[in-house]
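Dear colleague,

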Amino acid sequence: MTPILQARNVTYGRTGGRTDRQGFSFTRSARPPILKNISLDLKAGQTLGIVGASGSGKSTLCRILSGLIAPDEGQVLYQGQDFATASEAVRKKIRPAIQMIFQDPAGALDPRQTIGDIVGEALGPVPDRDARIRTALQDVGLSADITHRYPRTFSGGQKQRIAIARALMTRPCVIIADEAVSALDVSTQAIVLNLLLDLQKRQGLSYVFVSHDLAVIRHLSHHIAVLDQGRIVESGPASDILDTPVQPATKALLENTY
Ligand SMILES: Nc1ncnc2c1ncn2[C@@H]1O[C@H](COP(=O)(O)OP(=O)(O)OP(=O)(O)O)[C@@H](O)[C@H]1O
């Protein structure tokens, strides 16, 4: 079966001249690329864990896999279709199918918007808007009656649930989670991770789950790719990587975990 999401020989940050959505630009220089020759597959209904030390390129890879920025070389394919060469009609389908959740739930939620407006942001004025917002909140274990409240009155874990509810609104197939539980305390991490596992079971979601923390990655990954200085140095089934690591970068991450 074709993987739901694939990177094929992706290189980024070498050729210069590109500007990403956050306004950073790259210039030609002798420094190595941020990502070099990355190939990976995400199977439908599974979780690919991407682990690496700080600065190894994890967030950049997330932005490329979600289509926020384009690779300088190589391809990103959703259900076998190249983001770069897909027609506008196909891109319109791909965009809502891939959603991201970020590390800082507080920063990701506009404090001036109500929870209803935040969760319903991507929906537009559809007739069943309120019902869909309420269902999404219930799907992440929150009360459907919080739509009129504001983010500041919620805990970090609740804010991350609200961010997950927002991501679910477009009925995505793939969620890319960039350090999505790193800002939470350990017991709240476990609650959010179990919620993600439950959603995967119920809705068949596929995850790219990025973390510097192998204990977190262990909890939900089927496959793992280890990123070191912009390259994948080791990848395979989660149990192989965690139980018999080969590369020094993987061993170092494991030593820091246990
Ligand atoms: N827009 C940019 N312009 C220039 N350099 C960048 C840009 N984005 C990232 N970098 C550099 O690319 C490298 C990888 O950054 P990235 O944020 O992807 O790593 P990371 O593994 O997510 O790190 P962390 O775990 O600390 O968030 C770093 O050296 C960073 O300084």
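This is a predicted model: local features need pLDDT of at least 70, side-chain atom pairs count only at pLDDT 80 or more; totals for chains, interfaces and linings use all residues.

The protein chain holds 10 helices and 10 strands. Its radius of gyration is 18 Å, close to the 18 Å that the globule rule gives for 258 residues, so the chain is as compact as a globular protein of that length. Taken along the principal axes, the C-alpha atoms fill a box of roughly 50 × 45 × 35 Å, and buried residues account for 37% of the 258 residues. Among contacts between residues at least 6 apart in sequence, 70% join residues that are at least 24 apart.

On the sheets, there is an open one of 4 strands, whose order is E2-E1-E4-E5 and whose pairing is antiparallel. Strand E2 (35-42) and strand E5 (81-82) stand at its edges with a single partner strand each, so one side of each has no neighbour in the sheet. Within this sheet, strand E1 (residues 5-12) pairs with E2 in the antiparallel sense over 5 bridges, and Tyr 12 stands opposite Leu 35 in E2.

Strand E3 (residues 47-52) pairs in the parallel sense instead: 5 bridges join E3 to E8, and 5 bridges join E3 to E9, again running parallel. The bridge partner of Gly 49 in E8 is Phe 209, while Val 51 has Val 226 as its bridge partner in E9. How many of the residues of E3 are buried? The count is 6 of 6, so far as the burial criterion goes. Thr 47, Gly 49 and Val 51 point one way from E3, whereas Leu 48, Ile 50 and Gly 52 point the other way, and all are buried.

The largest nonpolar core has 65 residues, of which Leu 65, Val 119, Ile 176 and Val 208 touch the most other members. Helix H6 supplies the largest share of this core, namely 6 residues. If neighbours within four places in sequence are left aside, Ile 176 is in contact with Cys 62, Leu 65, Ser 66, Ile 98, Met 100 and Val 208.

Helix H7 was looked at in more detail. With 18 residues (186-203) at 1.5 Å a residue, H7 should span 26 Å, and its end C-alpha atoms are 25 Å apart, which agrees. Which residues of H7 are buried? They are Gln 189, Val 192 and Leu 196, and, seen down the helix axis, the buried residues fall within an arc of 70°, so they line one face of H7. What covers these buried residues includes helix H6 (156-168), strand E8 (206-211) and helix H8 (214-220). On the face turned away from the buried side, H7 carries the exposed residues Ser 187, Lys 201 and Arg 202.

Leaving aside neighbours within four places in sequence, Leu 199 is in contact with Asp 139 and Leu 205. Leu 199 and Lys 159 are 40 residues apart in sequence and 17 Å apart in space, C-alpha to C-alpha. After H7 comes Gly 204, whose phi is positive, near 65°.

Two further residues deserve a look for their backbone angles. Most residues other than glycine have a negative phi. Arg 171, however, has a positive phi of about 55° although it is not a glycine, and its place is in the loop between H6 and strand E7 (174-178). Arg 171 is exposed, with 12 other C-beta atoms within 10 Å. Gln 229, likewise not a glycine, has a positive phi of about 50° and lies in the loop between strand E9 (223-228) and strand E10 (231-237). Is Gln 229 exposed, partly exposed or buried? With 16 C-beta neighbours inside 10 Å, Gln 229 counts as partly exposed.

With best regards

Methods
Residues are numbered from 1 along each chain as its sequence is written. Helices (H or I, at least four residues) and strands (E, at least two) are DSSP runs, numbered from the N terminus. The expected span of a helix is 1.5 Å times one less than its number of residues. A residue is buried if 20 or more other C-beta atoms lie within 10 Å of its own, exposed if 12 or fewer, and partly exposed in between; C-beta atoms are placed from the backbone. The arc is that of the directions from the helix axis to the C-beta atoms. Two residues are in contact if their C-beta atoms, placed from the backbone, lie within 7 Å. A nonpolar core is a set of buried Ala, Val, Leu, Ile, Met, Phe, Trp, Tyr and Cys residues joined through C-beta atoms within 7 Å. Two strands pair if DSSP finds at least two bridges between them. The radius of gyration is taken over C-alpha atoms; the globule rule is 2.2 Å times the number of residues to the power 0.38.
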